[in-house]
Amino acid sequence: MELSPQKQRTRRAILDAAAGQWARDPAVSLSRIAAAAGVGRATVHRYFPDREHLRSALTSDSWSSLHAAIAEAAPGTGSVLEVIDRVVSAMVHVGDRVLFLFAAAEGTPSDADASVASAVDEILLAEIERGQREGEVDATVPAPWIQRMVWSIVYTGLHATGDGLVARHGVDDLIRWTLRGAISAR
């Protein structure tokens with residue numbers, strides 16, 4: 001069923017608010033999510049019958065948003081360190097979605113979500129491996145380790161913005177600086 005533009009905006013507002021709220025407090029009430037979205041709780045229930053439907057829709061939407069942002073970062077074009085910089089910026093741009101995905105990591109993902117998550121990981125891993133082959137990225141460190149470092153440092157940076165440690169507009173520079181120091185070929 002195709003939603004009208006107004007209903008699409010309302011649905012998007014609810015998902016965006018849920019991502020922001022759940023990223024900081026996985027136990028947040030639907031009332032707080034509704035207030036953050038600028039709608040009533042009944043409106044949230046019209047779009048998502050219960051908490052689990054909202055959580056499931058947000059998980060799928062978050063993986064899709066992250067995948068689209070990373071694909072837009074143009075993997076495979078330019079130096080690997082430049083690509084990783086762009087991927088980090090893409091991850092920071094969808095920050096609340098990344099934090100939500102970390103918070104929602106427990107449980108078994110749907111097949112579609114697992115497929116998109118795998119595609120996101122494959123893009124990052126392929127770039128790291130390309131960088132190791134081309135001598136830009138330290139080849140003495142296993143590529144999956146570097147991939148996990150990228151996720152961890154992005155997560156840490158996003159949390160630091162939420163804690164007021166770093167400004168949101170400067171966190172991707174700090175993440176990129178940290179990663180380059182850790183993964184660049186020596």
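Which backbone oxygen lies 3.0 Å from a polar atom of the side chain of Gln132? In this predicted model, the oxygen belongs to Asp138. Gln132 is found in helix α7, which spans residues 111-134. The residue is buried, because its relative accessible area is 17% and the cut-off for burial is under 20%. Beyond its neighbours within four places in sequence, Gln132 is in contact with Val137, Asp138, Ala139, Val141, Pro142, Ala143 and Ile146.

The axes of α5 (residues 80-93) and α9 (residues 168-183) come within 10 Å. They cross at roughly 145°. The crossing is right-handed. From α5, the contact is made by Leu81, Glu82, Ile84, Asp85, Val88, Ser89 and Val92. From α9, Arg168, Val171, Asp172, Ile175, Arg176, Leu179, Arg180 and Ile183 take part. By class, eight of these residues are nonpolar, one is polar and six are charged.

Leu179 also belongs to the largest nonpolar core. In general, nonpolar side chains tend to be buried together in soluble globular proteins. This core holds 57 residues. Leu54, Leu66, Met91 and Leu179 touch the most other members. Two or more residues come from each of α1 (5-24), α2 (30-37), α4 (51-72), α5, α6 (95-103), α7, α8 (143-162) and α9. Leaving aside neighbours within four places in sequence, Leu179 is in contact with Ile84, Val88, Met149, Val150, Ile153 and Ser184. Ile84 and Val88 are among the α5 residues that make the contact with α9.

Technical notes. Residues numbered from 1 in each chain as written. Predicted model: local features only at pLDDT ≥ 70, side-chain atom pairs only at ≥ 80, totals over all residues. Heavy atoms only, no water. Axes fitted to C-alpha atoms, helices over the stretch in contact; angles between N-to-C directions. Helix = DSSP H or I, 4+ residues; strand = E, 2+ residues; numbered from the N terminus. Left-handed = near helix turned anticlockwise from the far one by under 90°. Contact = heavy atoms within 4.5 Å. Nonpolar A, V, L, I, M, F, W, Y, C, P; charged D, E, K, R; others polar. Buried < 20%, exposed > 50% of the residue type's maximum accessible area, 1.4 Å probe, protein only. Polar contact = N/O pair within 3.5 Å; in protein donor to acceptor, adjacent residues only side chain to side chain. Core = buried A, V, L, I, M, F, W, Y, C linked by side-chain atoms within 4.5 Å.
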